[in-house]
Amino acid sequence: MSSVLSPSTAAGTKAPNIGMAIFALAMGGVGIGVTEFTMMGLLKEVEQGLGISTPEAGHLISAYALGVVVGAPLLAAVGAKLPRKKLALGLLLLFTVANLSSFIAPDYGSMLLSRFAAGLPHGAFFGVAAVIAASLVPATRRGWAISMVMAGLSVSNVVGVPFATWLGQTFGWRLLFVLVGAIGLLALAMVWKFVPFQAAHPDASIRRELGALKRLQVWLALLVGIVGFGGFFATYTYIAHTMTAVAGIPSALIPLVVALYGLGMVAGNIVGGRLADKSVMGTLYRVLPAVAVALVVYAVAAHWPWSAMVMVFVVGASGSMLIPALQTRLLDASPDAPSLASSLNHAALNVANALGAFLGGLVIALGWGFTAPALVGAVLALLGFGVALFSGLMERKRPLAA
């Protein structure tokens, strides 16, 4: 992410350092990625530490996802009148405190509550961060700017998640939340320093933001994310079990597996941002069938260590290509309520998280094996493709507002 320093835009006021502003927002994404995805790699340790079953441990992931679903529209709408920088700072503070509370949660019930609280600011932060990033660049580079903010989520899976997984396996899984708290504080400081102040829109209100919910294309874009991305989480939630029980990879190598997944996400996010700048709907039409194919191949390849690791990268790449396109689609569908619409994307992705974790756990509980969630995911990706086709058909009948 290169640093761009523009000339002064007003007397005595320098234009923002765009590169560092986007990097600061991406750092918040790193913390969010570490707390969201490391739980999946430490699922066995969490089970043992709390004395719970695998499905119950999966419920901790679902609790976080539910927090995102509730918090994204609620906090984005309530914060509509706040300047975007202040909203971003407040959300990061809430995220940091909630994660530190997970460190001291004494039992399963309190851990469920703290994971729910930690999820509340997730979607709203990414929503406002995407709007800030898009506002700093020309319209033709919105996909790139959004993908760079989302790169924090992807990069976390290359560096932060493997490190946190190793830390949790070696010194105790609760240290994950101390690490996330430290990242949250760093992101707070960077956003404070580098993100420019932008006054709230004079017409901003909760009612104006909620107006996004009246648009069919907003709901269709959300449905694409919920259904199409569900397969990504159905597979990733149980990746540690699949790699150890099916591929025969030692538990000590799970951080490497997670890093490969993260590298795939970084590559997919970058490519997806470029594709979205060319054609948002074209990206959805191409990527969703590719995700379905990748998941079917993964289910077969997971029986051998090397092919399993190759497909871990491919699945991570194919799934993350969807995110910039979905984010841009929601901004296009609701230009007068960008914060809420953008936040809802992450609510949708976390409904997908909860849906994927639930369906994956269901087929495992039925005795279908640890590769079954990937096949369920392939079906979900194809259903998402069907929703995207319907959305495109409706757009031809009634084009989006400029």
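Modeller: Axes are lines fitted to C-alpha atoms, for helices over the stretch in contact, and angles run from 0 to 180 degrees between N-to-C directions. Helices here are DSSP runs (H or I, at least four residues), numbered from the N terminus. This is a predicted model, in which local features need pLDDT of at least 70 and side-chain atom pairs count only at pLDDT 80 or more, while totals for chains, interfaces and linings use all residues. Residues are numbered from 1 along each chain as its sequence is written, and side-chain values use heavy atoms, without hydrogens and water.

Colleague: At what angle do helix α6 and helix α12 pack?

Modeller: Two packed helices are described by the angle between their axes and the distance between the axes. Helix α6 (residues 142-171) and helix α12 (residues 254-278) pack at about 180°, their axes being 8 Å apart. α6 and α12 are therefore roughly antiparallel (over 145 degrees).

Colleague: Which residues have the most contacts inside the largest nonpolar core?

Modeller: In soluble globular proteins, nonpolar side chains tend to be buried together. A nonpolar core is a set of buried (under 20% relative accessible area, 1.4 Å probe, protein chains only) Ala, Val, Leu, Ile, Met, Phe, Trp, Tyr and Cys residues joined through side-chain atoms within 4.5 Å. The largest has 111 residues, and F37, Y236 and M243 have the most contacts inside it. Helix α5 (residues 108-135) gives the largest share of this core, 13 residues.

Colleague: Where is confidence lowest and highest?

Modeller: pLDDT is the predictor's confidence in each residue, from 0 to 100. Helix α8 (residues 206-210) is lowest, at a mean of 69, and helix α13 (residues 280-301) highest, at 96. The chain mean is 86.

Key:
Helices (H or I, at least four residues) and strands (E, at least two) are DSSP runs, numbered from the N terminus. Angles under 35 degrees count as roughly parallel, over 145 as roughly antiparallel, 65 to 115 as roughly perpendicular and the rest as oblique. Buried means under 20% relative accessible area, exposed over 50%, partly exposed in between (1.4 Å probe, protein chains only).
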